[in-house]
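Keep the view open as you read.

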Amino acid sequence: MAVLNILNAVNHTLDYEMEKNKNVIVYGEDVGLEGGVFRATTGLQKKYGRDRCFDTPLAEAGIVGTAIGMAINGLVPVVEIQFSGFVLPALNQIIAHAARMRNRSRGKYNLPMVIRMPYGGGIRALEHHSESLEAVFGHIPGLKTVIPSTPYDTKGLLLSAIREPDPVIFLEPKQIYRAFKQEVPEGDYSIPIGKAKVIKEGKDVTVVAYGALIHEVQKAVKELENEGISVELIDLRTISPIDRDTIIKSVQKTGRFVVVHEAVKSFSVSSELISIVNEGAFLYLEAPPTRVTGFDIIVPLPKGENHFIIDSKRIFNKIKEVVSF
Amino acid sequence: MLTDKYNPLENTMLCILDKDGKIIDEELLPKIEDKKMLEIYKVMLLTRIADTKALQYQRQGRMLTYAPNKGQEAAQLGSVAAVEERDWLVPAFREMGAWLYKGVPLEQIYLYWYGNEMGSKFPENVKMLPISVPIASQLSHGVGIAMASNIKGEEEVTLAYVGDGGTSQGEFHEAMNFAAVYNVPLVVVIQNNQYAISVPREIQTKSRTLAEKAVAYGIPGIQVDGNDVLAVYAAVKEAVDRARGGGGPTLIEAVTYRLGPHTTSDDPTIYREDKEVEEWTQKDPLIRFKKYLIDKKLWSEEKDIKQREEFENLANETFKKVETSGEVPLEDIFKYHYEEMPKNLIEQYEEYKEYMKKGGI
């Protein structure tokens, strides 16, 4: 057992799988010599050589486009986009090609590839360094999109992502990259993509969150429990394909539903989840399903960002409101 | 090296066959066996016929939108004939001749334009990607394939196509730059057919040639007469040999002309003069190569007529087959998005199947 933070877990997992599978290739901007701007790939070039871990020109579409070609030609590229806000030039490659190659070739070419990117706010950064674009990827048929919230889940989900025969968008909650450590097994284990995790069972209300906000929700839940409110907390873990069954089953039990995410409210993961609840648990509901999300605004620069980032107090209030509806 | 002799910055263009099929300079003649030469010609002819037929089927309402190839057969065949079975082909969308030569059955090409994705599931041994519609975005796939060839130590070369309009895309730049930086075994052929739908070549770039863009990437580039199959072959063969030997990528501009419309939805009389089309018709790559082969006593007008009939029948029979068996089974539109259909998708599929079973009510 190693005690790792999320960033260490990413590094450890890449190392683990590169050692196991010589076809795994890691690259991106500053990924080689420097080990990435967050140091997620530290030491990999030294250990595996410049053929298997290297720096690229500053061009996101080129990074993803070449990864598609590599995957077609027998390799397993795991590429890094430095910040999710910089992925936009690569969306043509991701949406127009990565997501479609299997279907376009009717199964002749599948793309075992992972696109990793740090996402989300709360790190007092410049513009384009704080976005949460999971709904953009979740909307695209042919992609799978995953978000871990702990070091343990990071390894399990990243191993699954690398071993997937289809492209996976792996969004890393950078706000909590170094926030806490956890025991992570050094051996092999994987967490299935497409399966949410019930972190804590409860009977009064179902709360769904993912990524960095899981931890704010947990703070709120602790206080709610002190007031005698029993919360069932679910970590979504996979954005797409979304785990309808776990959500519906839980809401059928609790009758109340709150979803929490940092991304903007409209056309979001919460929009999807509330639809799922309405489709699958409507007659069980004792209160309107609701949500705590980012406002429909551009993530503000650091001096205004504190209003955008969701804290446990807002989550606490919303859950209480739903329970006392 | 041809790329030295025909430096694109000096505005020189490699030509070997003149428009009457006469050799301009014997020394430039690439070594191609007679048998292969005939094979190249036959696929050029098949392309011309299958393409003309496709246009007819479309006009008869039997085929969907179609992108014709007429006039560009030499650019397609001269390039593809210079690669081998072990090499990769990354198409744009107007290279029917190259696909046929690479081993894609005509039936599949027709099936694709008929509107069925099965037309892009090429036989296992045909190392070719499906058609890529977003302009120039396929080039980085070719670069990635070639990067993998280097990493795995395999002596395979990738031949990728793009058009004159494609060179304006940012993705063209990214792909060429990556290819050069990693010194990958890649040959990029620009089919400069003078128009991107209606927009002429002059509006794409102020560069005098498209080939000279190679200079900025630090790689060899050359402009060739794209209606001269031997010139295209000579330039591409040199580039393929260089790539296979570890010499990195090459950018080749094949100067040609689209004699037909961009697609069947396009009316080219709006943006170009008949006179211009007539001038290029005089430079028809197929007629030029045929004259050469007849002069060499490798071919004859009689053989040509017979061969045409054969190909016309083949095209008709093939398309008839596509019309009778080209429908898409419902399952196909669902099942190829992931290795295993996610549960959510299975539910959608089952619900719709149930609806269809009840007669779609």
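In this predicted model, nine residue pairs are in polar contact between domain 1 of chain A and domain 2 of chain A, with both partners at pLDDT 80 or more.

The size of an interface is often given as the accessible area lost when the parts come together. For domain 1 and domain 2 of chain A, that buried area is about 1900 Å², with 55% of it on carbon and sulfur atoms. Which three residues supply more than any others of the area that domain 1 of chain A buries against domain 2 of chain A? They are A:Arg124, A:Glu134 and A:Ile147, which supply 23% of it.

While you are in chain A, have a look at A:His12, found in helix H1 (residues 6-20). The side chain of A:His12 is joined to that of A:Lys155 by a polar contact of 2.8 Å. Leaving aside neighbours within four places in sequence, A:His12 is in contact with A:Leu4, A:Lys155, A:Pro185 and A:Glu186.

Now let us bring in the other chain. Here 46 residues of chain B are in contact with 44 residues of chain A. Together the two chains bury about 3700 Å² between them, 60% of it on carbon and sulfur atoms. Across this interface of chain B and chain A there are three salt bridges. A:Arg106 and B:Glu117 meet through their side chains in a salt bridge, at 3.0 Å from N to O. The polar contacts between chain B and chain A come to 24 residue pairs, both partners being at pLDDT 80 or more.

Which helices of chain B each supply at least two residues of the side that touches chain A? They are helix H6 (139-152), helix H7 (170-181), helix H14 (330-335) and helix H15 (343-357) of chain B. The largest share, 10 residues, comes from H6(B). Taken by class, the side of chain B that touches chain A has 23 nonpolar, 11 polar and 12 charged residues.

Chain B is itself divided into domain 1 (2-327) and domain 2 (329-361), and the C-alpha centres of these two domains of chain B lie 38 Å apart. Within chain B, helix H5 (residues 106-114) is mostly covered, with seven of its nine residues buried. Those buried in H5(B) are B:Leu106, B:Gln108, B:Ile109, B:Tyr110, B:Leu111, B:Trp113 and B:Tyr114. The buried residues of H5(B) pack against helix H2 (34-59), helix H4 (96-102) and helix H13 (301-325) of chain B. Following H5(B) comes B:Gly115, with a positive phi near 110 degrees.

Finally, some backbone details in chain A are worth a visit. Most residues other than glycine have a negative phi, and most peptide bonds are trans. A:Ser240 and A:Pro241, however, are joined by a cis peptide bond with omega about 0 degrees. A:Pro241 sits in the loop between strand S12 (238-240) and helix H9 (244-254) of chain A.

A:Arg39 is not a glycine, yet has a positive phi of about 75 degrees. Look for A:Arg39 in the loop between strand S2 (24-28) and helix H2 (44-48) of chain A. A:Arg39 counts as partly exposed because its relative accessibility is 40%. A:Phe267, also not a glycine, has a positive phi of about 55 degrees. A:Phe267 lies in the loop between strand S13 (257-264) and helix H10 (269-281) of chain A. Is A:Phe267 buried or exposed? At 80% relative accessibility, A:Phe267 counts as exposed.

Terms used:
Residues are numbered from 1 along each chain as its sequence is written. Chains are lettered from A and ligands numbered from 1 in the order in which they are written. This is a predicted model: local features need pLDDT of at least 70, side-chain atom pairs count only at pLDDT 80 or more; totals for chains, interfaces and linings use all residues. Side-chain values use heavy atoms; hydrogens and water are left out. Helices (H or I, at least four residues) and strands (E, at least two) are DSSP runs, numbered from the N terminus. A polar contact is a pair of N or O atoms within 3.5 Å; within protein, one must be able to donate a hydrogen and the other to accept it, and residues adjacent in sequence count only if both atoms are side-chain atoms. Contact means heavy atoms within 4.5 Å. Buried area is the accessible area (1.4 Å probe) that two parts lose on being put together, summed over both. A salt bridge is a side-chain nitrogen of Lys or Arg within 4 Å of a carboxyl oxygen of Asp or Glu. Ala, Val, Leu, Ile, Met, Phe, Trp, Tyr, Cys and Pro count as nonpolar, Asp, Glu, Lys and Arg as charged, and the others, Gly among them, as polar. Buried means under 20% relative accessible area, exposed over 50%, partly exposed in between (1.4 Å probe, protein chains only). Domain bounds come from an automatic or database domain assignment.
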